[in-house]
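Student: Could you take me through this model by question and answer, giving the cut-offs as each term comes up?

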Amino acid sequence: VRAPYPLPIVPPTQTLAQQFAQARGDAGLAILEGFHALKHALRFGAAVEAVAATDADALERMAAELAPDLCGRFRALARQVTSAEIASLAPHVPRTGVVAIARRPPFDAARLRAQRDAPIVLLEDPRDLGNVGAAIRVAAAAGAAGVLTSGQSDPWDPAALRGAAGLHYALPVGRDDAFDPGDRPLVALDPDGDLLRPASVPADAVLAFGTERHGLSDALLARADRRLRLPMRAGVSSVNLATAVSAVLFAWRLHQPPPGDS
Ligand SMILES: C[S@@+](CC[C@H](N)C(=O)[O-])C[C@H]1O[C@@H](n2cnc3c(N)ncnc32)[C@H](O)[C@@H]1O
């Protein structure tokens, strides 16, 4: 009987533990931890190279309930492992008992810049990978064109993938310290900017958000075409980075003609 989807190719001499250890150091690969990360990766076309699961039948039951479009995929891909084995593959064993390796799609900054019907999110030197993941997740939900980061944090770190529930595969995500917005307006989100009105977020904007503690750099603020602020109650100095991304993207999104979803 042929499997409905191609089975992962594992070099016969390599154990799963070796494969995962190697993948963690490979900038072309991503580690997916948990059912939801794997679900989104599969749904948005990830090339999955290995899946280890403590209970493949339980994954299929979850798929039947939460992702019927993917029924059969988990059993076809998963290699059954024990609890001890999965603990050797991932420092944070997800409650859903599944970890996977997938290819990172190539990132093309020029192609991203050319997509002008939705804003690009630029996170300047974000430090908290949970924030990076949450920003990517909401950017995917709101229909942003892509998410760029600068600085040291890798937006494809397994912790960011956990925070994004694997939605890196739904839109371009990459790191670029020298991103050139071209002729797209560069909009700095800054608590000291002008009051943001939904109509003041251009669809082709590059929306720049600053690092958690210090905000946007002087260099970026100087380059920005506009500085906008979210209104806040007196006494509150700023909101969390990912919630700022969410508020601004949905201000833009809710100002658009209905996209035909609910
Ligand atoms: C935690 S805040 C940084 C706080 C920093 N002390 C500052 O004053 O910018 C992280 C980022 O979220 C965005 N942000 C937070 N609150 C905001 C607000 N009220 N208006 C616009 N952007 C905001 C900004 O881009 C900010 O750089």
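Student: Is His168 buried or exposed?

Tutor: This is a predicted model, in which local features need pLDDT of at least 70 and side-chain atom pairs count only at pLDDT 80 or more, while totals for chains, interfaces and linings use all residues. Residues are numbered from 1 along each chain as its sequence is written, and side-chain values use heavy atoms, with hydrogens and water left out. Buried means under 20% relative accessible area, exposed over 50% and partly exposed in between, with a 1.4 Å probe and protein chains only. Because its relative accessibility is 0%, His168 counts as buried.

Student: Where is His168 found, and which residues does His168 touch, leaving out those up to four places away in sequence?

Tutor: Helices (H or I, at least four residues) and strands (E, at least two) are DSSP runs numbered from the N terminus, and His168 is found in the loop between α8 and β7. Contact means heavy atoms within 4.5 Å. By that criterion, and not counting residues up to four places away in sequence, His168 touches Ile136, Pro155, Trp156, Ala160, Leu161 and Val173.

Student: Why does the aromatic pair of Trp156 and Tyr169 tie together parts that are apart in sequence?

Tutor: Rings of Phe, Tyr and Trp (its six-membered ring) pair if their centres lie within 6.5 Å, and planes under 30 degrees apart count as stacked, over 60 as edge-to-face and the rest as tilted. Trp156 and Tyr169 are edge-to-face, at 5.3 Å centre to centre with 85° between the planes. Trp156 lies in the loop between β6 (146-149) and α8 (158-163), and Tyr169 in the loop between α8 and β7 (173-175), so the pair joins parts that are 13 residues apart in sequence.

Student: At what angle do α2 and α3 pack?

Tutor: Axes are lines fitted to C-alpha atoms, for helices over the stretch in contact, and angles run from 0 to 180 degrees between N-to-C directions. For α2 (residues 35-43) and α3 (residues 56-66), the axes are 12 Å apart and the packing angle is about 65°.
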